Amino acid sequence: MLALVGLPLLTLLLVKTRGSLSLEGQVLLYLLAVVVIAGVGGITVALLSAVAAALLINYNFVAPLHTLDVAHADEALSLAMFVLVAAVVSGAVELAARRAHAAEQAMGQAETLSTLAGADLDESETLRDVLERARRTFKMQTVVLKRLNRAAGEWHEVERAGWPGQQPEPLRFDVPIGDLRLVGRGPALFAEDRRVLHAFAAAAQTAFEGRQLTEQVREGRNLAVADRQRTALLAAVGHDLRTPLAGIKAAVTSLRQPDVSWSEADRDELLATIDQSADRLDGIVTNLLDASRLQAGALAVQIQAMALDEVVGAAVLAVPEAAKRVDVDVPDDLPLLRVDPGLLERVFVNLIDNALRYGGPQRVQITARAGAGSAKVEILDHGSGVPAGERERLFEPFQRLDDRSAVSGVGLGLSVARGFVEAMGGALAADRGPDGGLLMRLRLPLAGAATSAGGTPTTATVGSEPAGGLQP
């Protein structure tokens with residue numbers, strides 16, 4: 001367009017100013033126009049423009065005018081030299097443009113290679129990043145990494161960047177990398193792009209291997225955690241389950257001795273030992289089963305409207321000695337809660353039992369108040385407390401305040417309590433009490449618009465994995 005429009009316009013301009021410029025000046029202006037055309041359209045268009053310009057000069061400015069004849073030999077030589085110089089200059093401009101483009105492309109390739117060489121390729125998302133970078137670099141529609149399934153003898157897709165849409169582009173490259181293939185669809189590639197393409201293929205292979213290693217490390221870590229939990233569970237079963245069983249066995253054996261006459265007081269004491277040991281055994285087994293249900297996601301939550309004071313009262317009665325050592329300050333006019341009464345009672349049983357066993361001989365206080373959309377419950381003991389950095393560990397399975405303590409327990413009570421509370425949409429956290437003891441804070445949802453009309457229970461199956469995860 002520049003040649004077709006620019007040369008005629010230049011000719012009209014020079015015709016109007018015929019007397020002001022010499023032939024040499026006119027030739028130089030045409031030469032400038034040809035050089036500009038060469039820079040824009042390349043050498044082919046420039047050569048055609050040079051010939052066209054020579055004909056325009058001959059027709060309009062060389063005597064005899066308006067013919068293609070040349071009256072003087074020196075003017076014919078000037079026209080020939082004009083075409084030759086225009087061709088040489090156009091070739092130089094074309095060569096410079098090609099070299100500039102090649103230098104720019106080489107710089108881009110070097111930057112890409114440097115980026116790929118320095119990339120951290122061990123993250124799970126890096127493979128997709130490499131494919132997306134290759135897609136943008138080569139302006140591909142899609143770039144896909146495929147892997148050979150040797151058992152089936154088929155290639156299946158590992159990762160993809162881009163989407164084919166309704167009209168998939170032609171296949172432009174298919175680079176084999178062992179059991180992998182890097183496949184791209186889009187515009188045609190240049191020969192100099194192949195080196196960068198192989199660099200992308202190597203980076204994709206490294207990223208894929210990094211992803212596999214990351215998955216293996218994660219799987220190994222999970223297995224190690226499961227192994228530690230099994231070890232802890234066996235240790236707990238070996239000690240904490242054996243202790244109440246030993247008490248039951250000893251008391252029953254003593255009562256069955258035919259040669260011993262037990263007094264009424266002794267008999268009552270042995271029966272009390274059996275009862276307490278059976279309760280302790282039942283509590284341990286119940287916590288183990290509850291933790292397994294949480295881990296397996298098989299916890300059935302029966303949500304309904306319930307009064308908090310009723311649940312707390314039932315929990316206090318279910319814990320031995322709680323009625324004598326627990327002060328309850330739960331107003332009976334609190335709004336109804338949206339909870340599972342059975343699960344919430346188990347939560348309070350575990351929290352009260354933990355406070356009585358580890359909080360020293362002092363009394364335990366339970367207080368509650370209503371907040372905006374939830375009820376706040378606090379259970380405070382007056383023991384030695386727990387350091388701030390260790391409080392979160394209380395909710396991990398098989399963790400006790402002091403694993404060397406003589407107080408028995410599997411260490412699942414608080415883990416199960418948090419799992420139950422979170423399954424009901426609440427929260428449980430440990431804090432420091434006013435006198436340094438342990439303060440358990442609960443947030444429980446209030447009943448309202450979310451509760452079924454008439455308080456009808458709603459059922460859901462919820463999985464809430466305790467920290468560390470108990471393998472069922």
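The model I am reading is predicted. I looked up the backbone of Glu321 and noted a phi near 70°, a positive value in a residue other than glycine. I wrote this down because most residues other than glycine have a negative phi. Is Glu321 buried or exposed? Glu321 counts as exposed, because its relative accessibility is 52% and the cut-off for exposed is over 50%.

**Another loop**

I turned to Lys139, in the loop between α5 (126-137) and β1 (142-149). Its phi is near 55°, again positive in a residue other than glycine. I checked the cover of Lys139 and noted a relative accessible area of 64%, so Lys139 is exposed.

**The whole chain**

I then stepped back to the protein chain, for which I noted 11 helices and 12 strands. The chain has 472 residues, and 38% of them count as buried. I looked up the contacts with a separation of 6 or more, and residues 24 or more positions apart account for 67% of them. The chain exposes about 25700 Å², of which carbon and sulfur atoms supply 57%.

**Helix α1**

I went to α1, residues 2-16. This helix has 15 residues and reaches 21 Å from its first C-alpha to its last, close to the 21 Å expected at 1.5 Å a residue. Which residues of α1 are buried? I listed Ala3, Leu7, Leu10, Thr11 and Leu14. They lie on the same side of α1, because they cover an arc of only 100° around the axis. An α-helix has 3.6 residues a turn, so residues three or four places apart point the same way. On the other side of α1 I found Leu4, Leu9, Leu12, Leu13 and Lys16 exposed. I also looked for what covers the buried residues of α1, and the cover includes α2 (23-41) and α3 (43-61).

**Helix α6 and Arg211**

I looked up Arg211 and placed it in helix α6, residues 193-255. Arg211 has 15% relative accessibility, so it counts as buried, the cut-off being under 20%. What does the side chain of Arg211 contact? I noted a polar contact of 3.0 Å between the side chains of Arg211 and Glu159.

**Strands β6, β8 and β9**

I followed β8 (residues 364-370) to its partners. Strand β6 (residues 326-329) pairs with β8 in the parallel sense, over four bridges. Here I found Asp329 opposite Thr367 of β8. Strand β9 (residues 374-380) runs antiparallel to β8, and six bridges join the two. On this side I noted Leu380 in β9 as the bridge partner of Gln365. The hairpin of β8 and β9 has three residues between the strands, and Gly373 there takes a positive phi near 85°.

**Helix α11**

My last stop was α11, residues 413-423. How many of its 11 residues are buried? I recorded 10, so the helix is mostly covered. Among the buried residues I listed Arg418, Phe420 and Val421, and also Gly413 and Ala423. After α11 comes Gly425, and I noted its positive phi near 85°.

Terms used: Residues numbered from 1 in each chain as written. Predicted model: local features only at pLDDT ≥ 70, side-chain atom pairs only at ≥ 80, totals over all residues. Heavy atoms only, no water. Expected span 1.5 Å × (residues − 1). Buried < 20%, exposed > 50% of the residue type's maximum accessible area, 1.4 Å probe, protein only. Arc of directions from axis to C-beta. Contact = heavy atoms within 4.5 Å. Pairing = 2+ DSSP bridges. Polar contact = N/O pair within 3.5 Å; in protein donor to acceptor, adjacent residues only side chain to side chain. Areas by Shrake-Rupley, 256 points an atom, 1.4 Å probe, with all protein chains shown as cover.
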